Amino acid sequence: MSNLNELSSSPQTALEPQDEVRIVGQYYDDKTARLVRKYGPGPRIHYHVGHYPSSKTPLNFHGATPDDIRRSIRIHQEGLLRYAAKIWGAEHRLSGRILDVGCGLGGGSLFWAQEYGADVTAVTNAPEHAPIVEGFAQECGVGGKVRTLVCDAMHLPLDGPYDAAVAIESSGYFNRPQWFERLARVLRPGGSVCIEEVFTTRPHGADVWAEYFYTKPATVLDYVEAAESAGFELVDDVDATSETSPFWEESAAWTKAVLDSDSSLSAVDRRQLRISLMANQALGTEWQAGGLRLGFLRFELK
């Protein structure tokens, strides 16, 4: 996920592919400190929604501090990965040599390495993030199992075969046909592409997402068509929209708690947080209205 309001007043403006990769990478480099503040301190820092099995927000926000809310968010972000692991059969599909494409600050990469013994190549287009991920891997004792790779996801080096590729809320930035074609060249036959992503179900939902994030979400059919053209078939499609909806309430609550409690914030910081608060509220509304869908997909290479 990525908020580019500060970077561009028109997030849907067409860019050359190389310019888009550079801008997104630079944006994430610039955003690092804010990511750590909201989702840190680490070492497993995640930048994606959380999973709430009861479909309800468990925390009473009245009187809750930003630290209280952050801890709850992190618990449910880890819960999302545990839910994904169950759906995807991680004990045998994500325990070998895998790609974590769009790894962020490496929370997922460390998760797959620590929990399932995977040898992970953590792929990022944000150069500043690579040493951070490597440092966190050393801190977790999996420095020998996680390596970072700074590159465009559509131009992964042909150093496979890998057993699987994972993309947690990152594939919305990719040219899907090119990405699947590249994955078909680096995965072994029978290898999996495991995707957790936000999908659009109606134009208004896509517009709400694009107003805050850098890219318009695609449909599940868009993914299926791109994957099939590259020799993959869809084998799992699990909807978790209702179980992830409470994330937006928690995220908004954290932002409001920071605005209410931190008198040291600059005017710029306050403006960014207010934009974030309004966007989280709008996204939560659209989530509940059915305009956006959170899904787990798994494709296998034939």
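User: What should I know about the model and the numbering before we start?
Analyst: This is a predicted model in which local features need pLDDT of at least 70 and side-chain atom pairs count only at pLDDT 80 or more, while totals for chains, interfaces and linings use all residues. Residues are numbered from 1 along each chain as its sequence is written, and side-chain values use heavy atoms, with hydrogens and water left out.

User: OK, what is the strand order in the open sheet?
Analyst: The open sheet has seven strands in the order β3-β2-β1-β4-β5-β7-β6, with mixed pairing; strands are DSSP runs (E, at least two residues) numbered from the N terminus, and two of them pair if DSSP finds at least two bridges between them.

User: Which strands stand at the edges?
Analyst: Those are β3 (146-150) and β6, each with a single partner strand, so one side of each is left without a neighbour in the sheet. The twist averages 20 degrees from one strand to the next.

User: How many bridges does β7 make with β5?
Analyst: Strand β5 (residues 187-200) and β7 pair in the antiparallel sense over nine bridges, with Glu 197 opposite Gly 295 and Cys 194 partnered with Arg 298.

User: And how many with β6?
Analyst: Strand β6 (residues 232-239) pairs with β7 over seven bridges, again in the antiparallel sense, and Asp 237 has Leu 297 as its bridge partner in β7.

User: Is β7 mostly covered or uncovered?
Analyst: Strand β7 (residues 292-301) is mostly covered, as nine of its ten residues are buried, where buried means under 20% relative accessible area, exposed over 50% and partly exposed in between (1.4 Å probe, protein chains only).

User: Which strands does α2 lie across?
Analyst: Helix α2 (residues 66-88) lies across β4 (162-168), β5, β6 and β7, and runs at about 40 degrees to β7.

User: Switching to helices, how do the axes of α6 and α8 cross?
Analyst: The axes of α6 (residues 176-186) and α8 (residues 220-229) come within 8 Å and cross at roughly 40 degrees, axes being lines fitted to C-alpha atoms, for helices over the stretch in contact, with angles from 0 to 180 degrees between N-to-C directions. The two are therefore oblique to each other, the class left after under 35 degrees (roughly parallel), over 145 (roughly antiparallel) and 65 to 115 (roughly perpendicular).

User: Which residues make that contact?
Analyst: Arg 176, Pro 177 and Phe 180 of α6 meet Asp 222, Tyr 223, Ala 226 and Ala 227 of α8, contact meaning heavy atoms within 4.5 Å.

Conventions. Helix = DSSP H or I, 4+ residues; strand = E, 2+ residues; numbered from the N terminus.
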